[in-house]
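The following note sets out a number of points for a colleague who has the model open. Each point may be checked against the coordinates.

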Amino acid sequence: MASQTQRAVLAGGCFWGMQDLIRRLPGVTATRVGYTGGDVPNATYRNHGTHAEAIEILFDPEKTDFRAILELFFQIHDPSTKNRQGNDMGLSYRSAIYYVDDEQKRVAEDTIADVDASGLWPGKVVTEVEPVGPFWEAEPEHQDYLERYPDGYTCHFPRPGWRLPARTEG
């Protein structure tokens, strides 16, 4: 019996780099980039108001889980910088987790507590945790960008040896 695909929606700066790295995680079956978390219906690159650049992820829960996706998410972007990743600045580049159900919200909050306790980043996590809303797919030229332009711009990088420890209850 085949497992049912689950959905995750994350924002962590420019969506090109996020998509390029998250799509490689075993168990991720599909990704697309777009805009969410804001105020403009039918958002586009030229008109996305207060939306964040985000990635929608479909994954097989028999091969990976939401926690594993979040651990990669927190490894490849700096969740302690507000509205900024690398050279990209502004509300569009904020760090956010848009949960689809109460379990994802619980896992997000628990993972953030682990990141804060770990000391792996220079400051406390500023990642927003909000219910998922409409997701407006970005234009075709933004989809799979770094697959088409392997030397294109990114501010997301895997950090060798980075491993998020679970905090100990104390």
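**Notes on the predicted model**

1. The largest cavity holds about 40 Å³ of space. The model is a predicted one, and the structure contains one cavity of 30 Å³ or more. The lining of the largest cavity is made up of Thr 81, Lys 82, Asn 83, Arg 94, Ser 95, Val 126 and Glu 128. By class, these lining residues divide into one nonpolar, three polar and three charged. Rolling a probe the size of a water molecule over the atoms shows where empty space is left.

2. Eight of the eight residues of H1 are buried, so the helix is largely enclosed by the rest of the structure. The buried residues are Phe 15, Trp 16, Gly 17, Met 18, Gln 19, Asp 20, Leu 21 and Ile 22. Their cover includes strand S1 (6–12), strand S2 (28–36), strand S3 (52–59), helix H2 (66–76) and helix H4.

3. Helix H2 is likewise mostly covered, with nine of its 11 residues buried. Those buried are Phe 66, Arg 67, Ile 69, Leu 70, Leu 72, Phe 73, Phe 74, Gln 75 and Ile 76. The elements covering them include S1, H1, S3, S6 and H3.

4. Because its relative accessible area is 0%, Ile 76 counts as buried. Setting aside residues up to four places away in sequence, Ile 76 touches Met 18, Leu 21 and Ile 22, and also Cys 155, His 156, Phe 157, Pro 158 and Arg 159. Met 18, Leu 21 and Ile 22 are among the buried residues of H1. Between the C-alpha atoms of Ile 76 and Ala 54, which are 22 residues apart along the chain, the separation is 14 Å.

5. Which residues touch the most other members of the largest nonpolar core? They are Leu 10, Ile 22, Ile 57, Phe 66, Leu 70, Phe 74 and Ile 97, in a core of 26 residues. Two or more residues of this core come from each of S1, H1, S3, H2 and helix H3 (102–118). The most is given by H2, with seven residues. In soluble globular proteins, nonpolar side chains tend to be buried together.

6. Phe 66 may be examined for its contacts. Leaving aside neighbours within four places in sequence, Phe 66 is in contact with Ala 8, Phe 59, Ile 97, Gln 104, Val 107 and Ala 108. Another core, of nine residues, lies apart from the largest one, and its members include Trp 16, Tyr 35, Ala 138 and Leu 146.

7. The count of aromatic pairs comes to four. In one of them, the ring centres of Trp 16 and Tyr 145 are 3.6 Å apart and the planes meet at 10°, so this pair is stacked. The pair links distant parts of the chain, since Trp 16 is in helix H1 (residues 15–22) and Tyr 145 in helix H4 (residues 145–148), 129 residues apart. Trp 16 and Tyr 145 are both buried. An edge-to-face pair is formed by Phe 73 and Phe 74, at 5.0 Å centre to centre and with 65° between the planes. Phe 73 counts as buried because its relative accessibility is 0%, and Phe 74 is buried at 0% too. Trp 16, Tyr 145 and Tyr 149 form one aromatic cluster.

8. Beyond four places in sequence, its contacts are Phe 15, Ala 52, Glu 53, Ala 54, Phe 135, Trp 136, Glu 137 and Ala 138. Gly 34 and Glu 53 lie 19 residues apart in sequence, with a C-alpha to C-alpha distance of 5.9 Å.

9. Ser 92 is placed in the loop between strand S5 (88–89) and strand S6 (95–99). Although it belongs to a loop, Ser 92 counts as buried because its relative accessibility is 12%, and the cut-off for buried is under 20%. Apart from neighbours within four places in sequence, the contacts of Ser 92 are His 48, His 51, Ala 52 and Glu 53. Ala 52 and Glu 53 are also among the residues in contact with Gly 34.

Conventions. Residues numbered from 1 in each chain as written. Predicted model: local features only at pLDDT ≥ 70, side-chain atom pairs only at ≥ 80, totals over all residues. Heavy atoms only, no water. 1 Å grid on protein atoms, 1.4 Å probe; cavity = no way out; pocket = protein on both sides within 12 Å on 5 of 7 lines; lining within 4 Å. Points joined across faces, edges and corners; volume = space filled by probe spheres on them. Nonpolar A, V, L, I, M, F, W, Y, C, P; charged D, E, K, R; others polar. Helix = DSSP H or I, 4+ residues; strand = E, 2+ residues; numbered from the N terminus. Buried < 20%, exposed > 50% of the residue type's maximum accessible area, 1.4 Å probe, protein only. Contact = heavy atoms within 4.5 Å. Phe/Tyr/Trp six-rings, centres within 6.5 Å; stacked < 30°, edge-to-face > 60°. Core = buried A, V, L, I, M, F, W, Y, C linked by side-chain atoms within 4.5 Å.
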